[in-house]
Amino acid sequence: MDALCTDLRACTLCADRFAATATRHRPNPVVWFKPGARVLIASQAPGLRVHEANTPFWDQSGRRLRDWLGMTEDEFYDRERVAIVPMAFCFPGYDAKGSDLPPPPVCARTWRAPILEGLDTIRLTILIGGYAQKWHLGTKQGVTDTVAGWRDHAPHTFPLPHPSWRNTAWLKRNSWFETELLPVLRARVREEME
Ligand code: SF4
């Protein structure tokens, strides 16, 4: 796993793609996992703030996600217990409307399988957003239907929407998420974190 992490940190497969975006940034893989972790957070891709801080979920989305999971900041960033493995390890850049571009598929194709093979002690997997849900569950459903069907995957896997502020209206429309899913998820997180 050490050699794999070294190679991943040096990855420049998307250099040309990123250079062609408005931010013209270089690849900066945000690597945050270790063998032995029990909780896997399968996320989407770093935003610009995370890219600059080199720390996953170092933003408002992270605050909301930690609240959903019932984790303190120390617990969330404890690599002995929590592995954060996005569908792409670098900030993809912005589209013409200022939204984050999707994670480059080459990243999951190249890195995901060998990393997950090395994380063989995971007992709870949190799937954040459609890209992770499609990859891990093989589903063709949209995020709302997949998250609404969370009982089909619990107690070892929980699909969640992205904790971005952009989903605040979704949370208001789907109040069952906070009243039904989150209490069960928080109890499962406690079991694995103690
Ligand atoms: S997004 Fe993934 S494949 Fe692309 S440069 Fe970063 S680590 Fe490499």
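**View 1. The second largest pocket holds about 150 Å³ of space.** This is a predicted model, where local features need pLDDT of at least 70 and side-chain atom pairs count only at pLDDT 80 or more, while totals for chains, interfaces and linings use all residues. Residues are numbered from 1 along each chain as its sequence is written, and side-chain values use heavy atoms, leaving out hydrogens and water. A pocket here is an open set of points on a 1 Å grid over the protein atoms alone, fitting a 1.4 Å probe, with protein on both sides within 12 Å along at least five of seven lines; lining residues have an atom within 4 Å of a point. Among the lining residues are Met 87, Arg 109, Tyr 131 and Trp 135. Helix H6 (105–118) and helix H7 (129–137) each give two or more residues to this lining, and H7 gives the most, with 4.

**View 2. The largest pocket has a volume of about 620 Å³.** Of its 27 lining residues, Gly 47, Asp 59, Ser 61, Asp 100 and His 162 are the closest to the centre. The lining divides into 13 nonpolar, 10 polar and 4 charged residues. (Ala, Val, Leu, Ile, Met, Phe, Trp, Tyr, Cys and Pro count as nonpolar, Asp, Glu, Lys and Arg as charged, and the others, Gly among them, as polar.)

View 3. A cavity is a set of points where the probe fits but cannot get out.

Key:
Points joined across faces, edges and corners; volume = space filled by probe spheres on them.
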